[in-house]
Amino acid sequence: MLNDKISLDCITCDKSYGYDYSDFYCECGDLLEVKFKSLPDLSKEQIRLRSTNFASKVQSGVWRFKEWHLDLEESSICSRNEGNTNLYNSSLLSEYTGINQLRIKHEGENPSGSFKDRGMTTAISMAKLLGYKAVACASTGNTSASMASYAASCGLKAFVFIPEGKISFGKLSQSLAYGAHTLQIKGNFDDALDLVQEICKRKGIYLLNSLNPYRIEGQKSIFFEMMQQLNYKVPDWIILPGGNLGNISALGKGACELFEWGVIDKIPRFAVVQAQGANPFYTMMSSRAHHLEKMTPETIATAIRIGNPVSWKKAQKIVTKSKGYVTQVSEEEIIEAKVMVDRSGIGAEPASCCSIAGLKKLHNQKVIQANESVVAVLTGHVLKDPDNNVKIHTNMDSPFYNGAIKLSNNTDEIETTIDKLLLDSSC
Ligand SMILES: *Cc1c(COP(=O)(O)O)cnc(C)c1O
Ligand SMILES: [Zn+2]
């Protein structure tokens with residue numbers, strides 16, 4: 001069945017493999033991606049009906065679009081009803097970035113708290129379908145949290161490879177709690193990714209990093225769901241953080257396919273934001289180099305603390321094709337944007353806030369105009385990185401200080417303090 005619908009094709013040469021090919025690389029060394037053999041049969045009306053079909057797995061914000069990514073029988077789907085994330089307006093963030101028509105797609109509202117759930121539900125369903133008993137990934141935190149959750153819910157053994165000491169507490173605690181075997185590896189994320197690939201090959205374990213093309217397929221649904229929410233009116237720009245560059249590759253692939261299939265009338269421009277301390281894609285694109293130079297990454301935005309992004313070729317294609325843009329933001333810009341995102345009441349982890357920091361910058365640089373429509377993707381939940389939340393707001397020297405006020409249990413003293421705060425127009 002699936003063999004009639006899709007194949008795994010090389011992104012560079014013209015080799016093609018079956019959907020169940022056991023490697024994610026072509027013989028030529030480049031990555032594979034899912035190609036559709038014919039026009040998928042799915043109407044907007046079907047999507048609308050599935051959205052309210054609460055008894056079914058196709059109510060999921062991923063699986064209601066299944067003909068557009070991975071068309072499995074319901075019985076083969078391992079889902080936590082992911083997706084269905086909000087698309088917010090925020091006057092505060094519009095003002096901050098200078099963009100009037102700004103919408104915020106909050107992917108931190110997925111079941112495990114990041115967009116990774118969208119690609120995990122498709123790739124782990126494929127793991128089951130192919131008969132694997134164990135799955136593994138290297139992770140800066142969110143992929144492992146997501147994989148651990150899905151593996152637990154569908155009865156697979158899970159092995160998580162994390163870089164030593166460079167992972168936020170919220171994320172690590174999820175892996176442990178969901179029961180994944182967590183292996184802490186010396187070195188950074190890029191080292192862990194090399195190791196896990198080798199181990200998966202040796203042990204016949206299914207790899208769930210975003211070089212797995214079925215991760216990318218599920219993540220396309222961020223774009224699909226956004227389109228449904230916008231009544232299929234394509235925004236001028238979509239802006240998102242870039243780490244391993246799987247997400248930009250996914251949204252870009254989804255947009256190109258919907259355009260090709262006649263569902264939408266244009267491809268949005270894609271802007272990718274990297275942290276200055278983990279900016280190999282920015283460096284490559286801004287110097288018009290043909291190859292990516294890996295680097296040693298360092299940033300507060302641990303989810304994108306990646307120096308050798310595996311999907312750079314896919315990302316380069318979509319940025320070029322969509323007349324997009326790649327920018328970078330400093331640690332200070334990330335923190336300031338995070339304070340704004342959090343104060344808006346929406347809240348997100350540091351890496352997510354690169355979208356907002358980058359948007360403000362691109363507006364200031366006149367790359368994005370005030371009256372253009374923009375969707376900024378927030379990728380992870382505010383509770384993913386509680387340490388940084390506390391750090392930012394309890395440092396007395398910080399302009400963002402908002403530490404707890406210590407008082408005795410005396411009503412008069414509390415009242416006096418509250419009176420002062422009620423009168424203070426600066427907070
Ligand atoms: C994984 C992740 C990213 C980066 O996505 P890539 O696909 O690696 O570019 C950004 N933000 C958060 C919160 C993430 O978990
Ligand atoms: Zn090839």
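Which residue stands opposite Val-273 in strand 11? In this structure, which is a predicted model, that place is taken by Pro-241. The briefing below starts with the strands and their pairing, moves on to a helix and to the aromatic rings, and ends with the cavity.

- Strand 10, which covers residues 237–241, runs parallel to strand 11, and the two are joined by five bridges.
- Within this pairing, Pro-241 is the residue that faces Val-273 of strand 11.
- Strand 11 also pairs with strand 12, again in the parallel sense and over five bridges, and here Val-272 has Val-326 of strand 12 as its bridge partner.
- Strand 11 is mostly covered, with six of its seven residues buried.
- Strand 12, made up of residues 325–329, is likewise mostly covered, since four of its five residues are buried.

- Three strands make an open sheet in the order 2-1-3, and their pairing is antiparallel.
- The edges of this sheet are taken by strand 2 and strand 3, each of which has a single partner strand, so one side of each is left without a neighbour in the sheet.
- Strand 1, formed by residues 6–10, is joined to strand 3 by five bridges in the antiparallel sense, and Cys-10 stands opposite Leu-32 of strand 3.

- Another open sheet consists of four strands in the order 8-7-6-9, and the pairing in it is parallel.
- Strand 8 (181–185) and strand 9 stand at its edges, and because each has a single partner strand, one side of each is left without a neighbour in the sheet.
- Strand 6, with residues 134–138, pairs with strand 9 in the parallel sense over two bridges, and the bridge partner of Val-135 in strand 9 is Tyr-206.

**Helix 14 and the residue after it**

- Helix 14 spans residues 354–364, and its buried residues include Cys-354, Ser-355, Ile-356, Ala-357, Gly-358, Leu-359 and Leu-362.
- Just after helix 14, Lys-366 adopts a positive phi of about 60 degrees.

**Aromatic pairs**

- Seven aromatic pairs are found in the structure.
- Phe-36 is buried, with a relative accessible area of 18%, and Trp-261 counts as buried at 15% relative accessibility.
- Tyr-206, the bridge partner of Val-135, forms one aromatic cluster together with Phe-24 and Tyr-132.

**Charges over rings**

- Lys-44 lies over the face of Tyr-232, at 4.6 Å from the ring centre.
- Lys-360 places its charged end over the ring of Tyr-96, 4.4 Å from the centre of that ring.

**The cavity**

- The structure holds one cavity of 30 Å³ or more, and the volume of the largest cavity is about 300 Å³.
- Its lining consists of 27 residues, and those that lie nearest the centre are Phe-115, Lys-116, Asn-244, Ala-303 and Ile-306.
- The elements that give two or more residues to this lining are helix 5 (142–154), helix 8 (213–219) and helix 10 (246–260), and helix 10 gives the most, with three residues.
- By class, the lining of the largest cavity has ten nonpolar residues, 14 polar residues and three charged residues.

Methods:
Residues are numbered from 1 along each chain as its sequence is written. Chains are lettered from A and ligands numbered from 1 in the order in which they are written. This is a predicted model: local features need pLDDT of at least 70, side-chain atom pairs count only at pLDDT 80 or more; totals for chains, interfaces and linings use all residues. Side-chain values use heavy atoms; hydrogens and water are left out. On a 1 Å grid over the protein atoms alone, a cavity is a set of points where a 1.4 Å probe fits but cannot get out, and a pocket is an open set with protein on both sides within 12 Å along at least five of seven lines; lining residues have an atom within 4 Å of a point. Grid points are joined across faces, edges and corners, and a volume is the space filled by probe spheres set on the points. Ala, Val, Leu, Ile, Met, Phe, Trp, Tyr, Cys and Pro count as nonpolar, Asp, Glu, Lys and Arg as charged, and the others, Gly among them, as polar. Rings of Phe, Tyr and Trp (its six-membered ring) pair if their centres lie within 6.5 Å; planes under 30 degrees apart count as stacked, over 60 as edge-to-face and the rest as tilted. Buried means under 20% relative accessible area, exposed over 50%, partly exposed in between (1.4 Å probe, protein chains only). A charge sits over a ring if NZ of Lys or CZ of Arg is within 6 Å of the ring centre and within 35 degrees of the ring normal. Two strands pair if DSSP finds at least two bridges between them.
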